[in-house]
Amino acid sequence: KQYKCCSFLFWLNRRGPTLEEVRLWGQTFEQLIKSPRGRASFRQFLKTEFSEENLLFWLACEELKKETNRTAVEQTVKQIYEDYVSILLDSRVREVINKNMMEPSSQTFDDAQQQIYTLMQRDSYPRYINSSMYADLIKSLEEPPTPNEWFVNSL
């Protein structure tokens, strides 16, 4: 029921995904990850699986790639390392990162980011697409609630 209420709010605010957009997320992981609303929905799902850090790490690496200020890059690399590297990555990738930490750059985490992307694509994404969360979102967009349901669900 919360999805029906939320879909109404999405419709009302014109900020929610369209049915076409949500269906695109189901076609490929790339479609999902390149959509801000897709990432937000996927993040909510990952929270239920206690694996939100994978997406947060990937997003932090994407932001790092945009940074051009050397000092900011070094600070961001250090923060990402402290926040994610020890908990998310295998020893081989950690070794590569440890070497890269000698001269931090916006590419310091490229191998690790690819590893996490592949993990999400192969593991989390199929579960998301087959989840009740995704199915309920599709259903709520296919069958908008009636005005009476909006009122009842908003109480």
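Among contacts in the protein chain between residues at least 6 apart in sequence, 65% join residues at least 24 apart. The model shown here is predicted, and the legends below walk through it one view at a time.

**Figure 1. The protein chain has 10 helices and 0 strands.** Let us begin with the overall picture. Following the sequence gives the pattern α-α-α-α-α-α-α-α-α-α. Of the 155 residues in the protein chain, 37% are buried.

**Figure 2. Helix α5 packs against helix α8.** Here α5 covers residues 52–66 and α8 covers residues 110–129. The two helices meet at an angle of about 140 degrees, and their axes are 10 Å apart. That angle makes α5 oblique to α8. Which hand does the crossing of α5 and α8 have, left or right? The crossing is left-handed. On the α5 side, the residues to look for are N54, L55, F57, W58, C61, E62 and K65. They meet D110, A112, Q113, I116, Y117, L119 and M120 of α8. Sorted by class, this contact of α5 with α8 holds 9 nonpolar, 2 polar and 3 charged residues.

**Figure 3. Helix α4 packs against helix α5.** Staying with α5, we now turn to its contact with α4. The angle between α4 and α5 is about 145 degrees, with 7 Å between their axes. From α4, the residues R39, F42, R43, L46 and K47 take part. Their partners in α5 are E52, L55, L56, W58 and L59. How do the residues of the contact of α4 with α5 divide by class? There are 6 nonpolar and 4 charged residues, and no polar ones.

**Figure 4. F50 sits in the loop between α4 and α5.** This view is one for anyone who likes checking backbone torsions. F50 has a positive phi of about 55 degrees, although F50 is not a glycine. Is F50 buried or exposed? With a relative accessible area of 75%, F50 is exposed, as the cut-off for that class is over 50%.

**Figure 5. S35 lies in the loop between α3 and α4.** S35 has a relative accessibility of 7%, so S35 counts as buried. What does the side chain of S35 pair with? It makes a polar contact with the side chain of E21, at 2.8 Å. A polar atom of the S35 side chain also lies 3.0 Å from the backbone nitrogen of G38. Setting aside neighbours within four places in sequence, S35 is in contact with E21 and W25.

**Figure 6. D83 belongs to helix α6.** Helix α6 spans residues 70–88. D83 counts as partly exposed because its relative accessibility is 38%. Although D83 and F57 are 26 residues apart in sequence, their C-alpha atoms are 8.3 Å apart in space.

**Figure 7. S105 is in the loop between α7 and α8.** Helix α7 covers 91–100. With 23% relative accessibility, S105 counts as partly exposed. Which residues does S105 contact, leaving aside its neighbours within four places in sequence? They are L64, V73 and V77. S105 and V73 are 32 residues apart along the chain, with 6.3 Å between their C-alpha atoms.

Key. Residues are numbered from 1 along each chain as its sequence is written. This is a predicted model: local features need pLDDT of at least 70, side-chain atom pairs count only at pLDDT 80 or more; totals for chains, interfaces and linings use all residues. Side-chain values use heavy atoms; hydrogens and water are left out. Axes are lines fitted to C-alpha atoms, for helices over the stretch in contact, and angles run from 0 to 180 degrees between N-to-C directions. Helices (H or I, at least four residues) and strands (E, at least two) are DSSP runs, numbered from the N terminus. Angles under 35 degrees count as roughly parallel, over 145 as roughly antiparallel, 65 to 115 as roughly perpendicular and the rest as oblique. A crossing is left-handed if the near helix is turned anticlockwise from the far one by less than a right angle, and right-handed if clockwise. Contact means heavy atoms within 4.5 Å. Ala, Val, Leu, Ile, Met, Phe, Trp, Tyr, Cys and Pro count as nonpolar, Asp, Glu, Lys and Arg as charged, and the others, Gly among them, as polar. Buried means under 20% relative accessible area, exposed over 50%, partly exposed in between (1.4 Å probe, protein chains only). A polar contact is a pair of N or O atoms within 3.5 Å; within protein, one must be able to donate a hydrogen and the other to accept it, and residues adjacent in sequence count only if both atoms are side-chain atoms.
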